[in-house]
Each structure stands twice: as C-alpha cells, then as structure tokens.
Amino acid sequence: MSALLMPILLVLFGLAFPLGWLQPPAHAHLLAVLSHPLTRLALFGLCLLSLFHWAHRFRHTLYDGLQIKHLNEVIAVTCYGGAIGGAVAAAYLLWQVP
Amino acid sequence: MRDRITLRVARYRPEQESEATFDEYDVPCPKEWVVLDGLNHIKDRIDGTLSYRWSCRMGICGSCGMTVNGEPKLTCATFLSDYGRGPVRVEPLRNFPVIRDLIVDMGDFMRKLVRVKPWIVRHVEKPLSEGEYRQTPEELDDYKQFSMCINCMLCYAACPVYGLDPKFIGPAAIALAQRYNLDNRDEGASDRMEVLSEHEGIWGCTFVGECTKVCPKNVDPAGAIQRYKLSAAVETMKSFFMPRGA
Amino acid sequence: MTGQHQYTEYHPRWLRQPVSTYWWLQQRSYLAFILREASCLFVAWFVVYLLMLVRAVSESEMSYKQFLGWSASPIVLLLNLVSFFFIGLHAITFFQAAPRAMVVHVGRRRVPDRVVGAAHYLGLLAASGIVAWILLGA
C-alpha cells in the first residue's frame, strides 16, 4: 500500500509544492477532499499499514543488524507501541477534520 | 595470464592451536584449473596435511563448498583464472563449526532436513493394482526447480539470519519442503506446516536474497520461502475464518 | 550412538567464528539489504509528515499556508528529498520481491515474473495518476 500511494504524495507535498514546481491546491479544495469519508478511510488505512510495516521491519533490522536480542521486549514494545500510538493519533486527527 | 597463483588457505589444527591461521601456497594455474585442482595439487605435491572435502568435481555432489575470497562457492566450479593475479583466499564455509582446516560440520543441517520430512508423504497409499501416481509435465514444472538442490550448504553460508541465529531452519530445508509440498503426489503439506511455521521456521527469513544469489543450481530458495510465507498466511486466515469449511 | 550425539554437539575443539556486529558492512549485498530495511524509517517519517499536514488543513487556511512554508525550509526539504530516495527504493525492491512470492496461474500456465512486476508498476502509475488528479485537477 505504502509503495503505491506514498511516492506520489511525497513528490507532491514534500517536493513539488514546497519548491514551487506546482501550485499547491487551494485550502478549500484540499479541505473538501480531506473531509470526504473515503479519503479519511484511505489515509487511515495508509497510516495504519505503513506504521505497522515500519514497526515490523525496524524491529527485525535491530535484531539482525545490531544483534541486540537481549533488549527484545523493549524493542517490541517501542516498535509496536509506537505504531499503535501513531495509528490512534491518525484516527483522532482524521476524525477531527471539519 | 600468469601461470602460477598464490592460494591463501585457512588452516585449523585443533590438536595444536585454538585459532585458525593462513598458509600460503604457490600453485600452477593452467587456464582450465579450478580452485579444487589447486587444493588437490597442494595436497598431492606440497602439503599432505591439508584436509578438505570433495567428490564428483563436477558440481553435482555438493561436497566441495568453501568460502573463496569471501564468497561461498563450489570449489570445483570456480576457475582460478577468474582471480587474475591472486592471491585467492580459501576458507571453510561460513556459519558452520570448523572441524579441521576446510572441513565443517553439517550435522545441524542434517537434523533440520529430517524435520521437514523431505519425502513423499501419503496419508492413503494407492494399491499397486491402481497403477502409478501420474504427473503431467506442468505438474513437474511446479516443483522441479526446488528438486535441483544438491545440499551443498552455500545458501546457509550466505544467509546472515542463519549466521546470527543458528536455530533458523534455513533456506535449503525450506526449499526442499516446498519441493514436496508442491508435488502433486504428496499429501504431507499439513505435516510440514507445523515445523515450518515456527518462529525459527519461515518467519525467521527476512528475504535478504543472498541464498538465491549463491545457489549453484538456481534453486531460488528465497523465492520458495516467500511463496510459502504467502501460502501459510493464507492458510492461517482461511482456518481462522472458516475453521471447518476450507 | 545417541549418547555421542549429545556430546559432539558442543564439541570443544570445533572452531566457531562469532558473527561481527558489523556483518552487514562486509558485503555490498548485505549493505543493500540493510538500506532496504532502513527505508521503513522514512515511511514512518512520511506518515508523521502527512498527519501534520492533515492537522494543518483541519485547523485553518492560515495554518495550511504556514505548513507549506515550513515544508519549504531547507532541513525539511532535505529530509523529504532523502525520504523520496528511500521510499523509491522501498517501492522498487517491493515490486522486485512481489513476483517471487505471488505465483499466479492463469488456467494451467504460470504468469511470468516480469508480468507480475510490471502489473505492480502499472498499479503505482494508476494510483499516482488518480491521486494527482484528485488533488490538482478536480
């Protein structure tokens, strides 16, 4: 999921708009898009999957890369806990869109 | 093209020392010689105490796997002329305990192989009167690639996960399990699932892909593992949602 | 015989080389693997960035404009540029890996890996096109 949607979102919001290559959408238009329930659902799905993808891969990379298996529980809690925290934050923010 | 080359060979003499050392040997280098020819020359003419395994010298027995200049290779399939002026560093296969010189212990793999039941498992045998188990060429193609494994262990030497966690069941064992799972004559997929679904089974693999890179027979164990991960996940979902249905 | 198996497993004279903590620096392919896995960090960063954008848009036009301004600052820009490379790497390696895991059969024939990979890229193009059209066009 993140491989399909992130590249374009990053190019637009991370590079094209700030650098002035393209005109950023008007606030009203963006708000309209964002408040649509489908957008909110899609964004939430994207955030949820991406965060858990990160948690899983990062946990394994720490194991394999740095061989710190003895910190097993700490790593697992930090990674998955972080992902859950992020997902909750995403849900809250997306719910709050007027 | 030089006609002689230096081989730096790892030596380990357990009765005399507790660490590995390197000995250098100057061997002739005709253009068709492989590393194994060089080792044989050393043993026959220079230093008879060098110990190593080899057998068929043609890439089918899987005995002569060693680490050549840092990469796991079959020494009977690695040409000395590919290494230019040398020196060529020959060490025992990585991630396995070294018994002596270039000989490693493969007991760990042997025990893991038995656990995945690498044979046709039938819950109900057909009587002889019903004839053979038939298989079309397409059905053969489904698993043929994974049947080419010669148990040479280069994939285990290349796998960083196996190096870090020796309990990991490893690429060859999973590829061989898949060879039987995908064989239409076999009925043992569920038997193997228990062993493979352990934490150190397929889920230990992080798809580094080194195993496929070094495999001399193009078995593609990495592909086998990822396919099995997908089918195991699907199986789990199916049993979760349809416990008796599927 | 079984008694001897127990003993030989921990044979004191066998040489076991420990794996260095920097094993991933010793071969280019290992380093490439770790970088691929590290790309997930930038995925997480972008999620945070997206959520900040959502919050800015929800608050007011002013905060949206402020966000756009902030995203043009050199540090953020650099971070996003690096993220772009890593997220690109993530997508490319993912599409390379997908055909190895997904073996699709059409009838009796197996769909070749290239086609499965190509289908993923097409999906990326389609998704990108749709998103761009929603944000910029309509």
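In chain B, strand E1 (residues 4-11) and strand E5 (residues 88-91) pair in the parallel sense over three bridges; strands here are DSSP runs of type E with at least two residues, helices are H or I runs of at least four, and both are numbered from the N terminus. Pairing itself asks for at least two DSSP bridges between the strands. This is a predicted model, where local features need pLDDT of at least 70, side-chain atom pairs count only at pLDDT 80 or more, and totals for chains, interfaces and linings use all residues. Residues are numbered from 1 along each chain as its sequence is written, while chains are lettered from A and ligands numbered from 1 in the order in which they are written.

**Strands of chain B**
- B:Leu7 sits opposite B:Val88 of E5(B).
- E1(B) also runs antiparallel to strand E2 (residues 21-28) of chain B, with eight bridges joining the two.
- B:Arg8 has B:Glu24 in E2(B) as its bridge partner.

**Domains of chain B**
- Chain B splits into domain 1 (4-104) and domain 2 (107-241), with bounds that come from an automatic or database domain assignment.
- Taken over C-alpha atoms, the centres of domain 1 and domain 2 of chain B are 30 Å apart.
- Their contact takes 13 residues from domain 1 and twelve residues from domain 2; residues are in contact if their C-beta atoms, placed from the backbone, lie within 7 Å.
- On the domain 1 side, strand E3 (65-68) and strand E4 (71-74) of chain B are the elements giving two or more residues, and E4(B) has the largest share, with three residues.
- That domain 1 side has six nonpolar, five polar and two charged residues. For these classes, Ala, Val, Leu, Ile, Met, Phe, Trp, Tyr, Cys and Pro count as nonpolar, Asp, Glu, Lys and Arg as charged, and the others, Gly among them, as polar.

**Nonpolar cores**
- The largest nonpolar core holds 64 residues, and B:Cys155 and B:Ile174 touch the most other members. A core is a set of buried Ala, Val, Leu, Ile, Met, Phe, Trp, Tyr and Cys residues joined through C-beta atoms within 7 Å.
- Helix H6 (residues 171-181) of chain B gives the most to this core, namely seven residues.
- Both domain 1 (4-104) and domain 2 (107-241) of chain B put at least three residues into this core.
- Leaving out residues up to four places away in sequence, B:Ile174 has among its contacts B:Leu196, B:Pro221 and B:Tyr228.
- A second, separate core of 40 residues includes A:Leu9, A:Phe58, C:Phe46 and C:Phe86.

- Chain A has four helices and zero strands.
- Of the 98 residues in chain A, 35% are buried, meaning that 20 or more other C-beta atoms, placed from the backbone, lie within 10 Å of the residue's own; 12 or fewer makes a residue exposed, and in between it is partly exposed.
- Chain A brings 44 residues to the contact and chain C brings 43 residues.
- H1(A) gives the most to the chain A side, with 17 residues.
- The side of chain A that touches chain C divides into 33 nonpolar, ten polar and one charged.

**A look at C:Ala127**
- C:Ala127 lies in helix H5 (residues 113-137) of chain C.
- C:Ala127 counts as partly exposed because it has 18 C-beta neighbours inside 10 Å.
- Not counting residues up to four places away in sequence, C:Ala127 touches A:Leu4, A:Leu5 and A:Ile8.

Notes
Two residues are in contact if their C-beta atoms, placed from the backbone, lie within 7 Å.
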